[in-house]
Amino acid sequence: MKFFIDTANVTEIRRISEWGILDGVTTNPSLIAKESGRPFEAIIEEICAIVDGPISAEVIALDAPGMIEEGRKLAKIHRNIVVKVPLTSEGLKATRAFQEEGIRTNVTLCFSATQGLMAAKAGATYVSPFIGRLDDINLPGMDLIAELTAIFANYDLPTQVLAASIRSPRHVTDAALAGAHVATIPTKVFDQMLAHPLTDKGIEGFLADWKKSGR
Ligand code: E4P
């Protein structure tokens with residue numbers, strides 16, 4: 001499973017990229033809005049300079065012509081840009097247009113298998129089912145990951161399932177077990193995935209024994 005980081009904060013992206021496990025980045029308008037004082041394009045350019053992998057940048061327009069215009073501009077920023085579009089009828093039209101132009105897409109805000117299947121049929125590179133937001137309304141987010149990976153496999157669809165709205169390390173494990181191609185993970189969850197008290201305790205014990213041995 002590929003790991004993307006779900007943030008627009010370049011300090012966080014740089015720190016996690018140094019671990020050597022990062023394959024890409026996803027942003028959205030809310031994440032960009034948190035990075036005050038800098039133009040959207042400048043943030044995206046800086047991210048592209050840190051991570052050599054797919055970088056999702058989202059359009060704001062709600063109509064297909066507007067999405068296509070914005071997406072073309074975003075795609076020109078860097079060869080790694082993936083244009084993120086919402087899962088609406090206009091988003092499907094834009095996805096098809098981008099596919100015909102060779103521009104990769106991440107179709108976002110997917111909350112059902114039929115939505116995801118339509119995005120795949122429109123030629124999406126990635127579809128992003130939102131696990132956490134489904135869990136928030138008492139619907140099993142992880143079931144959607146399993147449904148989409150099974151459906152795409154049934155029909156040899158090349159679209160990748162990008163597990164999004166991840167809130168915990170357990171979400172990452174379960175998404176991997178369900179066959180998600182990618183998980184986009186917030187910085188805090190990366191830290192939680194790595195931390196284990198027995199690792200810390202083990203290191204402490206090894207060092208103490210080493211010191212005692214007088215070597
Ligand atoms: C990623 O592409 C999504 O925008 C993101 O995972 C949404 O996560 P949230 O539900 O925690 O805002």
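At what angle do helix H1 and helix H3 pack, and how far apart are their axes? The views below take up this question, then turn to the strands and the ligand. The model shown is predicted.

**View 1. Helix H1 packs with helix H3.** H1 covers residues 10–17, and H3 covers residues 40–50. The two pack at an angle of about 10°, with their axes 10 Å apart. Angles under 35 degrees count as roughly parallel, so H1 and H3 are roughly parallel to each other. On the H1 side, Val10, Ile13, Arg14 and Ser17 make the contact.

**View 2. Eight strands close into a barrel.** The order is S1-S2-S3-S4-S5-S6-S7-S8. The pairing is parallel. From one strand to the next, the twist averages 30°.

**View 3. Strand S1 pairs with S8 and with S2.** S1 spans residues 2–6, and S8 spans residues 182–185. These two strands pair in the parallel sense over four bridges. Ile5 has Ile185 as its bridge partner in S8. Strand S2, residues 24–26, runs parallel to S1, and three bridges join them. In S2, the bridge partner of Ile5 is Val25. Between S1 and S2, the chain crosses through H1. This β-α-β crossover is right-handed.

**View 4. Strand S2 pairs with strand S3.** S3 covers residues 55–58. Two bridges link S2 and S3 in the parallel sense. Val25, the partner of Ile5 in S2, has Ile55 as its bridge partner in S3.

**View 5. A shell of residues surrounds the ligand.** Asp6, Thr26 and Asn28 belong to this shell. So do Thr108, Ser128, Phe130, Gly132 and Arg133. Ala164, Ser165 and Thr184 complete the list. How many residues of the shell are nonpolar, polar and charged? Two are nonpolar, seven are polar and two are charged.

Conventions:
Residues numbered from 1 in each chain as written. Predicted model: local features only at pLDDT ≥ 70, side-chain atom pairs only at ≥ 80, totals over all residues. Axes fitted to C-alpha atoms, helices over the stretch in contact; angles between N-to-C directions. Parallel < 35°, antiparallel > 145°, perpendicular 65-115°, else oblique. Contact = placed C-beta atoms within 7 Å. Pairing = 2+ DSSP bridges. Right-handed = clockwise from strand over helix to strand, strands pointing away. Near = placed C-beta within 6 Å. Nonpolar A, V, L, I, M, F, W, Y, C, P; charged D, E, K, R; others polar.
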